[in-house]
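Okay, hi everyone, thanks for making the time. Have a look at the screen while I bring this one up, and then I'll walk you through the parts I like.

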Amino acid sequence: MDQSDVGPDLAEILLSEEQLTKKLDELAAQIDADYAGKDLLLVGVLKGAVMVMADLSRRLHHKVQMDWMAVSSYGSGTKSSGVVRILKDLDADLTGRNVVIVEDIIDSGLTLSWLVSNLRSRGPESVEIAAMLRKPDAAQADVEVKYLGYDIPNEFVVGYGLDYAENYRNLPFVATLAPHVYGG
Ligand code: XMP
Ligand code: MG
């Protein structure tokens with residue numbers, strides 16, 4: 001893909017496509033080992049997790065199912081409130097299933113901690129989290145990420161599924177935005 005038209009919008013590339021690829025290989029190997037011979041349902045959180053889900057699931061030497069949820073955090077501004085509304089629920093029944101939630105990023109962790117307890121209440125065998133990115137604030141929330149890509153600084157990032165006003169999701173790397181994009 002040619003990123004020349006978005007180049008001026010970006011401040012810094014935090015994680016290259018090569019770094020993401022290397023981590024995806026490692027995470028897939030871990031998941032393969034942990035779920036060998038077991039049932040596995042990957043639950044992607046729309047829309048940001050689409051890239052991680054596609055790239056991670058293709059690396060598994062494993063029969064998996066995929067399902068999707070869309071949630072929205074109530075709250076003002078850019079911070080999660082921890083109150084979550086389900087916009088699209090799963091099609092799958094979780095009873096007795098091994099679930100891995102696939103996420104793009106954990107910021108405050110409030111959304112995921114709500115999601116984990118919501119899914120745990122549905123009678124699964126297990127619920128774990130795979131997330132490509134984690135910010136330092138996540139340390140304050142009670143979220144245990146079994147499969148983690150990279151810890152990143154506390155900055156707003158785009159690319160690899162992450163957006164600013166729905167743009168930049170298709171970038172194959174993770175980057176910070178130039179101030180002029182925010183209207184600065
Ligand atoms: P929590 O509840 O962990 O929220 O605070 C995580 C959700 O917030 C969004 N988010 C971001 N989106 N760049 C983005 O494009 C970011 O730097 C960023 N930080 C948080 C994202 O939707 C995530 O699922
Ligand atoms: Mg998200």
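Let's start with Leu42: its bridge partner in E3 is Met66. Strand E2 covers residues 41-46 and strand E3 covers residues 65-73, and the two run parallel, joined by 6 bridges. Helices (H or I, at least four residues) and strands (E, at least two) are DSSP runs, numbered from the N terminus.

Before I go on, some housekeeping. This is a predicted model, where local features need pLDDT of at least 70 and side-chain atom pairs count only at pLDDT 80 or more, while totals for chains, interfaces and linings use all residues. Residues are numbered from 1 along each chain as its sequence is written, and chains are lettered from A and ligands numbered from 1 in the order in which they are written.

Now zoom out to the sheet. It's an open one with 6 strands, in the order E4-E3-E2-E5-E6-E7, and the pairing is mixed. Strand E4 (84-88) and strand E7 (147-151) are at the edges with a single partner strand each, so one side of each has no neighbour in the sheet.

E5 then pairs with E6 in the parallel sense over 8 bridges, and Asn98 stands opposite Ser126 in E6. To get from E5 to E6 the chain goes through H3, and that β-α-β crossover is right-handed. Right-handed here says that, with the strands pointing away from the viewer, the path from the first strand over the helix to the second runs clockwise.

Buried means 20 or more other C-beta atoms within 10 Å of a residue's own, exposed means 12 or fewer, and partly exposed is in between, with C-beta atoms placed from the backbone.

The largest nonpolar core has 41 residues, and Val100, Ile101, Val102 and Ala130 have the most contacts inside it. A nonpolar core is a set of buried Ala, Val, Leu, Ile, Met, Phe, Trp, Tyr and Cys residues joined through C-beta atoms within 7 Å. Take Val102: leaving out residues up to four places away in sequence, it touches several residues, including Leu42, Val43 and Ala130. Contact, by the way, is two C-beta atoms, placed from the backbone, within 7 Å.

H3 joins in too. Its buried residues are Leu110, Thr111, Leu112, Ser113 and Leu115, and they pack against E3, E4, E5 and E6.

Most residues other than glycine have a negative phi, and most peptide bonds are trans. Leu46 and Lys47, though, are joined by a cis peptide bond, with omega about -5°. Tyr160 has a positive phi of about 50°, and Glu166 has one of about 70°. Both Tyr160 and Glu166 sit in the loop between E8 and E9. Which is buried and which is exposed? Tyr160 is buried, with 26 other C-beta atoms within 10 Å, whereas Glu166 is exposed, with 7.

Notes:
Two strands pair if DSSP finds at least two bridges between them.
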